[in-house]
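Here is a short briefing on one protein model. Look over the sequence and the structure first, then read the points below.

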Amino acid sequence: MSALEVQIDRIVGPTHHFGGLGVGNLASQLNAGQASNPQAAALQGLDKMRLVASLGVPQLILPPQPRPDFHFLADLGYRGAPEETLKAVLESDPTLLSAAASCSAMWTANAATVTPSCDSEHGMPVMTVANLSASLHRSIEAAVTREELRALFRSGVRLHDALPGGAALRDEGAANHMRLAESTGKRGLHVFVHGDGRPEPRHHWPRQTLATGKAISRTHGLREGDVFHVKQHPDAIDAGAFHNDVVAMSHHDLLIHHELAFAPESESQMLRLEQRFAEISGKCLRMICIHSEELTLTDAINTYFFNSQIVSSSNSGKPVWTILCPVQVQHHKQAHRLIQRLCADGVFQDAHFVDLGQSMDGGGGPACLRLRVPVTEHELGCICKSAWWTESLDSDLRDIINDRYPRRLKLADLAEAEFCYKALETQRLLSSRLGHDLAGR
Ligand code: SUG
């Protein structure tokens, strides 16, 4: 049966701001307190979705999660009228106000880990919502994400709650998971990347644990021999690669990674991965290692080279692989040269450079902004129709964003009740245009 890879992106919300909350995330820390432009952020995201859809790749859209999250603030003891609550939080703990208003759910690569039906003993796609327990502002995403995925996929997927266990089972979803297969619908191998265990990074807390990868591989019904647990290089985490998708990218049978992406002790796992790939597919895994002389770790992190989004489609039966890179790659001599080389070598048939400045300033590139879901044609048919990208949906969403989103926002603006009422109303408008019928909205 033929299969496709669906991309799920989320509209950036009107409360998008630079809170400096990203653990081990250099861009987030560097831009903390700068004025953001929520309107530009949302439009940049929509531009990328339009580009992906124009390449013939199925694109789904989620609305922003409701922010500020007053339930979260109430759970922390801030009660009373919103006017008073917002001012009280700003005064006593601005970080909590920032967390309650964060639009970090835009980075949907962190929403869940996904296994297609062909790899699972359950015989249907399996998803585990990420608990994002490494950071306060992200841990509040999981409950709504679960409702959204249920509304999108209905009974077509086996949806697992976020893992329990808090810090011990830190899970950041697909950003630390790579599936390698001959093609979307063929049996695949699963690489789970974790950062804990000795030697630990010296400066930043690893966001994903080995125990998490093991738990997900069990609950997703994966074959033991098809699962690989690989440790992230502690130097990569220390240099600012807080997720694996900042130093490695993959699609089908292609894995491109920085030489410092994986810890030296993971070498045997990588060898086993290559062997296993050949066993199950009769083909060679295409592994491309980018050396520090070609692109330093620092430049890889500054440009988000490895966070480029790879999509494939076909043109008159011929596969077309396209890479969507951040414009920062185009502006960087070595990084740009690498993309040109990969295109000349036929790895990619096309490259686009996308301006996602507002997301990049929070530490998220093109690949962070999408969750990949491989589905069969039958499973595709079960997905909620109103969430698919169309010209008219795109145009209506842009109208709402152009009319109602602020162009400049600082944390203190989030303490204004009028602003927050309007933001919540705008989010409801976007949700209803997307036809989402979600509990609690
Ligand atoms: O979790 N940034 C996100 C960026 C996530 C990128 N995702 C992937 N690599 N897949 C994070 O650190 C910044 C929030 C702020 O600074 O206000 C933030 O949460």
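Leu273 has contacts that reach well beyond its sequence neighbours. Leaving aside residues within four places in sequence, Leu273 is in contact with Leu180, Leu189, Val191, Phe228, Leu255 and Leu285. The model is predicted.

**Nonpolar cores**

- Leu273 is one of the residues with the most contacts inside the largest nonpolar core, which has 54 residues.
- Ile11, Ile61, Val191, Phe262, Leu397 and Ile401 are also among the residues with the most contacts there.
- In soluble globular proteins, nonpolar side chains tend to be buried together.

**Overall build**

- The protein has 17 helices and 15 strands.
- Of its 441 residues, 58% count as buried.
- How does the radius of gyration fit a compact globule? A compact globule of 441 residues would have a value near 22 Å, and the protein has 21 Å, so the two agree.
- Along the principal axes, the C-alpha atoms fill a box of roughly 65 × 45 × 45 Å.
- Take the contacts with a separation of 6 or more: residues 24 or more positions apart account for 79% of them.

**Surface and charge**

- The accessible surface of the protein comes to about 16900 Å². Carbon and sulfur atoms hold 51% of that surface.
- The protein carries 42 positive and 50 negative side chains. The centres of these two sets lie 3 Å apart.

**A closer look at Trp321**

- Trp321 sits in strand S13, which covers residues 318–326.
- Is Trp321 buried or exposed? Its relative accessible area is 9%, and buried means under 20%, so Trp321 is buried.
- Not counting residues up to four places away in sequence, Trp321 touches a number of residues, including His251, His252, Asp253 and Leu254. Arg286 is one of the others. Ile310, Val311 and Ser312 are also among them, as are Val347, Phe348, Gln349 and Asp350.
- Ser266 is 55 residues from Trp321 along the chain, and their C-alpha atoms are separated by 29 Å.

Methods:
Residues are numbered from 1 along each chain as its sequence is written. This is a predicted model: local features need pLDDT of at least 70, side-chain atom pairs count only at pLDDT 80 or more; totals for chains, interfaces and linings use all residues. Side-chain values use heavy atoms; hydrogens and water are left out. A nonpolar core is a set of buried Ala, Val, Leu, Ile, Met, Phe, Trp, Tyr and Cys residues joined through side-chain atoms within 4.5 Å. Buried means under 20% relative accessible area, exposed over 50%, partly exposed in between (1.4 Å probe, protein chains only). Contact means heavy atoms within 4.5 Å. Helices (H or I, at least four residues) and strands (E, at least two) are DSSP runs, numbered from the N terminus. The radius of gyration is taken over C-alpha atoms; the globule rule is 2.2 Å times the number of residues to the power 0.38. Accessible areas come from the Shrake-Rupley method with a 1.4 Å probe; for residues, only the protein chains shown count as cover. Lys and Arg count as positive and Asp and Glu as negative; His and the chain ends are not counted. The place of a charge is taken as NZ of Lys, CZ of Arg, CG of Asp or CD of Glu.
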